[in-house]
Amino acid sequence: MIISTKKGTPAEELERILHDFEQKGLSVTMIRGTDYNVFGLVGDTTVLDEKQIRANPYVDNVQRVSEPYKNANRLFHEEDSVIDVAGIKVGGKEKLVVIGGPCSVEGDNVIDIAKQVKAAGACMLRGGAYKPRTSPYAFQGMETDGILAMVKAREATGLPIVSELMSEDKIEEFEQYVDLVQIGARNMQNFHLLKAVGKMKKPVLLKRGLANTIEEWIMSAEYIMAGGNENVILCERGIRTFEKYTRNTLDLSVVPIIKEKTHLPIIIDPSHATGNWRYVESMSLAAVAAGADGLIIEVHPCPECAWSDGAQSLKPERFAEVVRKAREIARVVGRDL
Ligand code: PEP
Ligand code: MN
């Protein structure tokens with residue numbers, strides 16, 4: 001971190017600033033000019049609060065030269081992290097994962113959907129039992145009954161199950177039944193929930209917030225990892241822009257950026273990113289070509305009857321076609337699916 005002070009800063013103030021940073025365990029180099037002074041701080045600067053430093057009236061500018069995250073940082077962990085989800089490996093150089101299933105669990109029909117997505121090549125089943133809906137009058141999810149229906153689907157197919165956790169009071173239920181705990185876009189910055197999930201034993205699928213920067217998203221992963229749970233998979237699901245022809249704007253540039261900045265796996269959700277089943281195939285293929293570690297896709301046998309997100313859900317046959325084509329692209333980029 002580089003800090004410059006204002007012209008005319010008294011010598012005793014400079015000494016105090018120097019001493020303060022040294023007290024925090026940092027090694028400090030001070031460059032004295034005739035008018036201005038510059039401090040170079042080396043060490044673990046993640047603990048420093050830039051805004052607090054700027055509050056000092058003698059401080060002119062503060063600039064970070066390293067990222068504010070360490071657990072997720074590729075700098076301190078060169079190898080790709082491979083996350084184990086009930087025996088399925090996510091990340092690394094070889095195999096891609098495809099997760100399929102309905103937006104919301106609607107009952108035991110999730111067992112049939114599980115069989116269909118498995119036959120199409122999916123290695124995990126998704127299904128929401130606690131739904132973050134914009135309207136309080138919309139279907140809110142089957143809750144525990146939905147989770148139990150997912151458990152039956154896992155028993156019938158062997159597919160690990162992915163479901164969204166919205167509140168701390170359900171952590172025990174998810175710890176018991178769910179293989180991959182999804183933190184949805186709307187809760188990406190629910191820091192209390194992130195801290196609680198950081199204490200969980202199950203791996204976490206952390207979706208990018210509706211309007212969050214990549215750095216904010218990585219900082220949310222950092223919350224979970226700092227709590228002790230290193231098993232985080234990132235998921236890009238589109239961000240809010242001015243565009244109206246799609247539900248969100250799929251930011252595929254995150255794939256190489258996340259790979260450069262972090263060692264965590266990243267998967268793409270083309271369903272929520274586009275909001276339209278017609279665009280799911282092309283965005284799935286583009287995601288695999290870009291180097292994503294997998295896809296999570298909404299699938300429903302009767303999208304027009306789905307209790308949520310039907311417009312972006314693929315019928316099982318179409319999902320099978322997407323997986324078949326994605327496998328071809330995976331081969332071109334040197335991976336298996
Ligand atoms: C979902 O996966 O069903 C969901 C609600 O996703 P997001 O949090 O990305 O909107
Ligand atoms: Mn959905």
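User: Is C103 buried or exposed?

Analyst: In this predicted model, C103 is buried, because its relative accessible area is 4% and the cut-off for buried is under 20%.

User: Which residues coordinate the manganese ion (ligand 2)?

Analyst: C103 is one of them, through its SG atom.

User: OK, other ligand. Which residues are closest to ligand 1?

Analyst: R126, A185, R186, K207 and R237 are the closest, out of 13 residues that surround ligand 1.

User: Which side chains put a polar atom by an oxygen of ligand 1?

Analyst: Among them is R237, with a polar side-chain atom 2.6 Å from an oxygen atom of the ligand. For Q182 the distance from a polar side-chain atom to a ligand oxygen is 2.9 Å. K131 has a side-chain N or O atom that is also 2.9 Å from an oxygen atom of ligand 1.

User: And how much of ligand 1 does the protein cover?

Analyst: It covers 97% of the accessible area, which is 290 Å² for ligand 1 on its own.

User: Switching to helix α8. Which residues are buried there?

Analyst: V254, V255 and I258 are buried in α8, which spans residues 254-261.

User: Why do they line one face of the helix?

Analyst: Looking down the axis of α8, the buried residues fall within an arc of 100°, so they line one face. As a general point, an α-helix has 3.6 residues a turn, so residues three or four places apart point the same way.

User: Where is T262?

Analyst: T262 is in the loop between α8 and β13.

User: Is T262 buried or exposed?

Analyst: T262 is buried, since its relative accessible area is 0%.

User: What does the T262 side chain reach?

Analyst: It reaches the backbone nitrogen of L264, at 3.1 Å.

User: And which residues is T262 in contact with, leaving aside neighbours within four places in sequence?

Analyst: Those are A72, N73, R74 and I218.

Terms used: Residues numbered from 1 in each chain as written. Chains lettered and ligands numbered in written order. Predicted model: local features only at pLDDT ≥ 70, side-chain atom pairs only at ≥ 80, totals over all residues. Heavy atoms only, no water. Donors = N, O, S within 2.8 Å, 3.2 Å for Na, K, Ca; no water. Buried < 20%, exposed > 50% of the residue type's maximum accessible area, 1.4 Å probe, protein only. Helix = DSSP H or I, 4+ residues; strand = E, 2+ residues; numbered from the N terminus. Arc of directions from axis to C-beta. Near = heavy atom within 4 Å. Polar contact = N/O pair within 3.5 Å; in protein donor to acceptor, adjacent residues only side chain to side chain. Areas by Shrake-Rupley, 256 points an atom, 1.4 Å probe, with all protein chains shown as cover. Contact = heavy atoms within 4.5 Å.
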